[in-house]
Amino acid sequence: MMEGLDDGPDFLSEEDRGLKAINVDLQSDAALQVDISDALSERDKVKFTVHTKSSLPNFKQNEFSVVRQHEEFIWLHDSFIENEDYAGYIIPPAPPRPDFDASREKLQKLGEGEGSMTKEEFTKMKQELEAEYLAIFKKTVAMHEVFLCRVAAHPILRKDLNFHVFLEYNQDLSVRGKNKKEKLEDFFKNMVKSADGVIVSGVKDVDDFFEHERTFLLEYHNRVKDASAKSDRMTRSHKSAADDYNRIGSSLYALGTQDSTDICKFFLKVSELFDKTRKIEARVSADEDLKLSDLLKYYLRESQAAKDLLYRRSRSLVDYENANKALDKARAKNKDVLQAETSQQLCCQKFEKISESAKQELIDFKTRRVAAFRKNLVELAELELKHAKVSFVT
Amino acid sequence: AEVVLDDDREDLFAEATEEVSLDSPEREPILSSEPSPAVTPVTPTTLIAPRIESKSLSAPVIFDRSREEIEEEANGDVFDIEIGVSDPEKVGDGMNAYMAYRVTTKTSLSMFSKSEFSVKRRFSDFLGLHSKLASKYLHVGYIVPPAPEKSIVGMTKVKVGKEDSSSTEFVEKRRAALERYLQRTVKHPTLLQDPDLRQFLESSELPRAVNTQALSGAGILRMVNKAADAVNKMTIKMNESDAWFEEKQQQFENLDQQLRKLHASVEALVCHRKELSANTAAFAKSAAMLGNSEDHTALSRALSQLAEVEEKIDQLHQEQAFADFYMFSELLSDYIRLIAAVKGVFDHRMKCWQKWEDAQITLLKKRETEAKMMVANKPDKIQQAKNEIREWEAKVQQGERDFEQISKTIRKEVGRFEKERVKDFKTVIIKYLESLVQTQQQLIKYWEAFLPEAKAIA
């Protein structure tokens, strides 16, 4: 039954392109424009067609496309994280892995339970599950696209070599997923990082701006996490209620087809009304998911990236201060002074470079955030109004 | 009566097709209890009753006196009686405590000594009334409305004194169920005449019905009888000479199944709606916190506004869940039990037939005996046989009369039941749909208020 969804047709119609940049308001200029023009869902992976239009001299052509999978996006993201030069920027958060498991399970269960429900009900549920699958698919495409657009819009990151390879190299990048050993290494690295983060955050910052940002981001991140989780639960309840309407509509329909008396015609009409209500509720739930839940989830990831930036800056501050202390010690002992001086200068440069770009990044983050929230909240309200105004016109 | 139904249908959907916006002039008629001008005034109906008051926790009045009923007076159906069950009051303490309900009757019928009066009754009194009516009327074919179900768990919580929302809900659910039960019972023209019913409504003191306790001797006897009945039903093979009965029984079987399925779905909806309400409230709080930590002033304000909107929506969800339940779900469970009563009546007819059959068989045997005695030439035995034959001939005749009577009664009752069912369902479902529309209208108000706030983020 799922074959119909594999090797699917172009899921992104012209209208759907509007989903692009749902969360983030970006200005794309002619110098470099990236989007995902197509996507294909196969057994257990998704193939994205990344389409680039550019007037930059770095590329061989002005317009070209390549096919990429999720692992290659992660590779690109990790290469940014590991690059020391980018320590002073907010690295755009990696898109989450496409997860169709839940949807697939539901479709499978539906297939198994085919015998136990009426044909009518079965078709309705199948349609709904397929719509759900499609929605998840569109979302994952949008999230991968947003990542690329953020990179393309960033004045420094857009020049990254790996990024250009990612966009242009039309062979498989042979990026394999991390094996067990590497995953374990990552896990330890993260533990060390969080421990370090705690130590480093104890250091009070002389700069008011950064001190304020740090306290703000910490609290904000936690609250966004909470709001995101609660929003998710709310959306899911909405969907359950919509599913109930579906079943009620079917039962009423069955009652209505018993015979052709007045009461039965009445039941048929009411069944139709319930169907309408269900569609509306399902749409409300989907829109809430898109405009609210996704927005919050995205800013959860972005605020984490911003926190990471602050961590890196604090880390470099600590290194700078340590280098200072080492220099003083060296001068006192009059031993390896030159080495200590160079080391101290490097740390100083690094720190100042990070601080400068970090400030701008954080200001940009705020601007982006306010704009995104505004856009999504306005759209949410407008959509809710649109749905509430749909009347039960028969 | 058929004409009434037809026009009903047209009128109902004329109203439902209006797009109701906040300021539309159509809104007023739909919400008032006057007949809507959109309706062709052949049979005005007050299907749309006043809005549920959101603050108080009481179930809507289902059976408003409608113009239809005034019309039906002309047909000989007099429904000039209104029953209300209210003011649940806890009497006593501990495990001997019980809830007393006020039963108020308003009537212009001459059989009652006053036009308005009220008494205090407890739940077992209602069960006692039903038990008496059932024993008198069920076996002759009358569909006696079933009483609300007992709930040991629910009642224990109330007795023990738990003052939480679930026991308040339980009491309210029961009060509404008792009210519907009485209203259905008095609508039945034959039952209305019953002296036990009158005593229940009128007399200030009522002998306590002790045989209604689930675990009493009488209760256990009832259970045993029910089981025996079930076994008997399986062994009776009735020659159904009347296709009408067979058809109707099948219809009721189907209806029973469908209603059960629908009821299960509606119960799931109530559950999910309550969940949605809880989750919305949680989200509202979370959004408020987020708004607090947001340092951009306009966005912060907008997020706080969002939190407020969601809180209001949560209220809406709660009210809607309430409506889902009291209107829709309870209607369905009432009818599932009513249909069980209808099936019981059909069963009684079968038993009646069986009795008749048995009498005929016995008569035959007696005749054979007589013939044998004639051959054997025993004059005293012959006389005895002749006596017995006369006795059984009379029984056969009575059996036939009883059977015909019960069949006739059932036909009338089923007709009445069907009419009532149609009216009930239409009334309640229309009211329920109204509540959905109202919820939508409120949503419009809330989001319209929020939109400018969101746009104001700069």
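The following questions and answers concern how labels were assigned in this predicted model.

Reader: What makes K375(A) and E379(A) a salt bridge?

Author: The closest N and O atoms of K375(A) and E379(A) are 3.5 Å apart. A salt bridge needs a Lys or Arg side-chain nitrogen within 4 Å of an Asp or Glu carboxyl oxygen, so the pair qualifies. Both residues belong to helix α8 (residues 337-389) of chain A, where they sit four residues apart, about one turn of the helix.

Reader: Why is K375(A) called partly exposed?

Author: The relative accessible area of K375(A) is 27%. Buried means under 20% and exposed means over 50%, so a value in between is called partly exposed. E379(A) gets that label too, with 22%.

Reader: Why do D194(B) and K136(B) count as a salt bridge, and what does the pair tie together?

Author: Their side chains meet at 2.9 Å, N to O, and the cut-off is 4 Å, so the pair counts. D194(B) lies in the loop between α7 (189-192) and α8 (195-202) of chain B, while K136(B) is in helix α4 (residues 123-137) of chain B, so the pair ties together parts 58 residues apart in sequence.

Reader: How do you know whether D194(B) is buried or exposed?

Author: D194(B) has a relative accessible area of 1%. Buried means under 20%, so D194(B) is buried.

Reader: What makes D256(B) and K343(B) a salt bridge, and where do the two residues lie?

Author: The closest N and O atoms of D256(B) and K343(B) are 3.3 Å apart, and the limit is 4 Å, so the pair is a salt bridge. The pair links distant parts of the chain: D256(B) is in helix α10 (residues 243-293) of chain B and K343(B) in helix α11 (residues 297-376) of chain B, 87 residues apart. D256(B), at 7% relative accessible area, is buried, whereas K343(B), at 24%, is partly exposed.

Reader: Which residues are joined into one network by salt bridges that share partners?

Author: The network consists of R180(B), R184(B), E330(B), D334(B), R337(B) and D424(B). Over all chains, the structure holds 51 salt bridges.

Reader: How do you know that C347(A) is in no disulfide?

Author: The nearest cysteine sulfur to C347(A) is that of C348(A), 8.7 Å away. A disulfide requires two cysteine sulfur atoms within 2.5 Å, so C347(A) is in none.

Reader: What makes L184(A) part of a patch on the surface?

Author: L184(A) forms a nonpolar patch with F187(A), F188(A) and M191(A). Members need over 30% relative accessible area and no salt bridge, and nonpolar side chains are joined within 5 Å. Together the four have about 440 Å² of accessible area. L184(A) is found in helix α5 (residues 180-201) of chain A.

Reader: What is the secondary structure of chain A, and how much of the chain is buried?

Author: Chain A has eight helices and three strands, in the order β-β-β-α-α-α-α-α-α-α-α along the sequence. Buried residues make up 50% of its 394 residues. The accessible surface of chain A is about 19800 Å², with 54% belonging to carbon and sulfur atoms.

Definitions and conventions. Residues are numbered from 1 along each chain as its sequence is written. Chains are lettered from A and ligands numbered from 1 in the order in which they are written. This is a predicted model: local features need pLDDT of at least 70, side-chain atom pairs count only at pLDDT 80 or more; totals for chains, interfaces and linings use all residues. Side-chain values use heavy atoms; hydrogens and water are left out. Patches are made of residues with over 30% relative accessible area and no salt bridge: like charges are joined within 9 Å, nonpolar side chains (Val, Leu, Ile, Met, Phe, Trp, Tyr) within 5 Å. Accessible areas come from the Shrake-Rupley method with a 1.4 Å probe; for residues, only the protein chains shown count as cover. Buried means under 20% relative accessible area, exposed over 50%, partly exposed in between (1.4 Å probe, protein chains only).
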